[in-house]
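Please look over the sequence and the structure shown below, and keep both at hand while reading.

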Amino acid sequence: MSASLRRPLPDASGRTPDLRPRRRSLLAGSALVGSSVIIGGGTALADGEEDAPVSGAEDQPSSAAGAGTQAAQPRTTTIALREAEHIERDGRLARHIVGHPAALVGVTWEEGGVEPTVSVRGLQVDGAWSPWHDLEVAVDLDTGVRSNGTEPVFFADVTEVEVIGEIDGEDVTEALSAHLIDFPDDPKQAPLELDEGAVSAEDAAQERSQQPPAEDKAATPSQEPQERLTEETAPAEETGEGEDPADAPAPSDGSGATGATVGGGGVGAARPALGPIVPMSLVPRDLGIPGAPRIVTRAQWGADERAARSSSTSSALQAVVLHHTAGTNNYSPSQAAQQIRGIFDYHVRTLGWADIGYNVLIDRYGTIYEGRRGGLTRNVNGAHALGFNTGSFGISVMGDYSSLAASAVARDSVMKVAAWKLLSTFRSDIHEKSSWRVSVNGTRWSRGTTVSMPRFFGHRDVNLTSCPGNGLYSTMDNLRWGIQSRMNSGWRHHLRAFVAAGGESALGTVLTSAQKEGGLTITRLTKGIVVSGPKLSARAATTTDSIRRSWRPSWGRPLADVRGQDGRYTQPFDNGLAIREGGRNSFITRTFTDVPATMQFFEEIEELAASKITTGWSDGTYRPHLPIARDAMIAFIYRAKGSPAYAPPAVSPFRDVSPRRTFYKEICWAHSQGIAEGWSDGTFRPLDPVERGAFAAFLYRVSRATSTSTSNRFSDVPSSHQFAKEITWMANMGITTGWRDKTFRPRAGTKRDAMAAFITRWLDAT
């Protein structure tokens, strides 16, 4: 998307491709308007790239998105060039526009017309004319459609504009319109002291080199927010690992400059000027994204979210692509934000695109700006590299680096952003290659070609453009080295858990990279999740699409992979069990401290607790492996029947059950109903464990069952057994399945966890 393109670069055969359609008359039927303010927008077409999955399910807004209405919005004036003065410049005809100050300029023509070659220059406030900028045709990289207009060029501030428009050397400016974008007075974005126009780049760089830049100060681990310091720092004896630095000291970028070196970059570098103080509204923020650098959000730079439309997402990030915006390199921090708003406004309102094309922009001061909405933690497809948008993340350095090198702080920010984005999507090796299938015309390869690309490449590597400029492209190897160094020392907690759980083959690819939700941090993948928290090591597990999208911080970490059977899916978490069944999701919150969601009969125990059939002990335990006593068993059955009204007798039917005993009423009720008969010696033996055979008898009697069959599947329950009829009934009702060895073990005691399973199945069956 560089506006510095002079002509298409030659292909492998040495020929220069002709990307223009067959010539038609540009002038025929033109209907251009006079000077006016653009207030309308257009409708972007559907994504034209092949296999571009749209994930509305994961469509979450940016963590810091806002209305973006605090900053003054750009003001676009459209001029029909036929109304401007016709002049001659160096033997070529041009149009001279006066009376309309501008920061950005773009040119459009009638839809469907032949694309002209367009050059623009501006009269700067110092009285000198800028160089001529040859504008490239704007291509809607969401759709692959070539627009009826150019990319805008950023001038910062010009008072007059001249435009040359030709087809085959013939002036066609009569059919063109110029779009002049400027900004009304904006105190929220204005510098707090004299703008840098009064400070030379060299003097400002020397001044700034005496102190660390704001970004590096903010990134010092000792000044990180407390939640960044405590995140994932589980005790060494529990996790076997120490804390990963969220922002490790920046290694050299390969040219001898580090993140703490400002302004350098060698002879011919575009050095940042210290000049103005950065407006407080543009101070980069820590967004609470683990491992991410500080970023100026869309709300801060003033995106008008009402004008933007949603963008498609990808199921995996494959690569990061480097660009430059072109235009002047001489701008202040406030003008950097204005430039972004101007590009956004021109793309969305004038050309009718969905949003600004880049995922992130970086100014010459190293400040990082959020670009396309939602693209910080999700794989939002940008519109920056035709044919290679699906699965790529576009970074654009603001300025023209055709010959100048980018500043050291800008390059450092490129490495920070690229390293974080790749590492957070578990692409931890910069030398890996990714496979792309070219599905549109206009790239360096013919449609249908399969191309192998590195994880980090330049715009010119795939499209017919000079972007990101020779001065920036020549540093690609050094940038790759710096990116890998930062990934090696970056935030890797979730990556380690991902690898330990089986990696991509088990969990799939990252849909949403690590972000804070509540007090925890979650990474969402196509087939799983990774969750961690302060003093809690990361846990990774497979899951379903629905459970992944439904996860809440109150659930905690996954304790095991999802289990599925007959359309029912369950997954245990720290604080309970997630269930997907019949098209509905539910979550059973853990009640007892000694009943984790991984326990075999967790659901049944929790169902008894929810029904008030069991309350557990006063210390919050359920004690699932204790045998159930006969008195407690009768109490459970009584409550399961709805605690029917009953007045116990004054005299106990059992000589070992006093009227003052706990569960006296329940035991007497069971006796009156013929459920509990006791022993021939007149005792009930309330504290004895309930044998499994006797348990079957209790349920048979309370159900008023009439089945008399004694033929069952259990090898240890012959027809002559005392409770053969009752055990057979219980098996036929699906209340018991016995052991895998086909035994029932009728004399074994019934434990409290199995009792919960029997009770809940009985209630379901009857």
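## The nonpolar cores

A nonpolar core is a set of buried Ala, Val, Leu, Ile, Met, Phe, Trp, Tyr and Cys residues joined through side-chain atoms within 4.5 Å, and buried here means under 20% relative accessible area. In this predicted model, the largest such core has 55 residues, and those with the most contacts inside it are Met633, Ile637, Leu699, Met755, Ile759 and Trp762. At least two residues of this core come from each of β25 (576-581), α13 (602-610), α14 (630-640), α15 (664-672), α16 (692-702), α17 (724-732) and α18 (752-765), and α16 gives the most, with 8 residues. In soluble globular proteins, nonpolar side chains tend to be buried together.

Leu699 shows what such a position looks like in detail: leaving aside neighbours within four places in sequence, Leu699 is in contact with Ile637, Trp729, Met730, Ile735, Phe758, Ile759 and Trp762. There is also a second, separate core of 42 residues, which includes Val414, Leu422, Phe426 and Leu507.

## How α14 meets α18

The axes of α14 and α18 come within 12 Å and cross at roughly 25 degrees. Because angles under 35 degrees count as roughly parallel, α14 is described as roughly parallel to α18, and the crossing of the two helices is right-handed.

On the α14 side the contact is made by Met633, Phe636, Ile637 and Ala640, and these meet Arg752, Met755, Ile759, Trp762 and Leu763 in α18. Sorted by class, this contact has 8 nonpolar, no polar and 1 charged residues. An α-helix has 3.6 residues a turn, so residues three or four places apart point the same way.

The buried residues are Ala724, Glu726, Ile727, Thr728, Trp729, Met730 and Ala731, and they pack against α16 and α18. After α17 comes Gly734, whose phi is positive, near 80 degrees.

In α15, the residues Tyr664, Glu666, Ile667, Cys668, Trp669 and Ala670 are buried, and the buried residues of this helix pack against α14 and α16. Just after α15, Gly674 takes a positive phi of about 75 degrees.

## Backbone details in the loops

Which residues other than glycine have a positive phi? Arg623 is one of them, with phi near 60 degrees, and Arg685 is another, with a phi of about 55 degrees. Arg623 is found in the loop between α13 and α14, whereas Arg685 lies in the loop between α15 and α16.

Pro468 is found in the loop between β18 (456-458) and α8 (470-473).

Leaving aside neighbours within four places in sequence, Thr542 is in contact with Ala506, Leu507, Lys527, Gly528, Asp561, Val562 and Gln571. Leu507, one of these contacts, is also included in the second core.

How values were computed
Residues are numbered from 1 along each chain as its sequence is written. This is a predicted model: local features need pLDDT of at least 70, side-chain atom pairs count only at pLDDT 80 or more; totals for chains, interfaces and linings use all residues. Side-chain values use heavy atoms; hydrogens and water are left out. Contact means heavy atoms within 4.5 Å. Buried means under 20% relative accessible area, exposed over 50%, partly exposed in between (1.4 Å probe, protein chains only). Helices (H or I, at least four residues) and strands (E, at least two) are DSSP runs, numbered from the N terminus. Axes are lines fitted to C-alpha atoms, for helices over the stretch in contact, and angles run from 0 to 180 degrees between N-to-C directions. Angles under 35 degrees count as roughly parallel, over 145 as roughly antiparallel, 65 to 115 as roughly perpendicular and the rest as oblique. A crossing is left-handed if the near helix is turned anticlockwise from the far one by less than a right angle, and right-handed if clockwise. Ala, Val, Leu, Ile, Met, Phe, Trp, Tyr, Cys and Pro count as nonpolar, Asp, Glu, Lys and Arg as charged, and the others, Gly among them, as polar.
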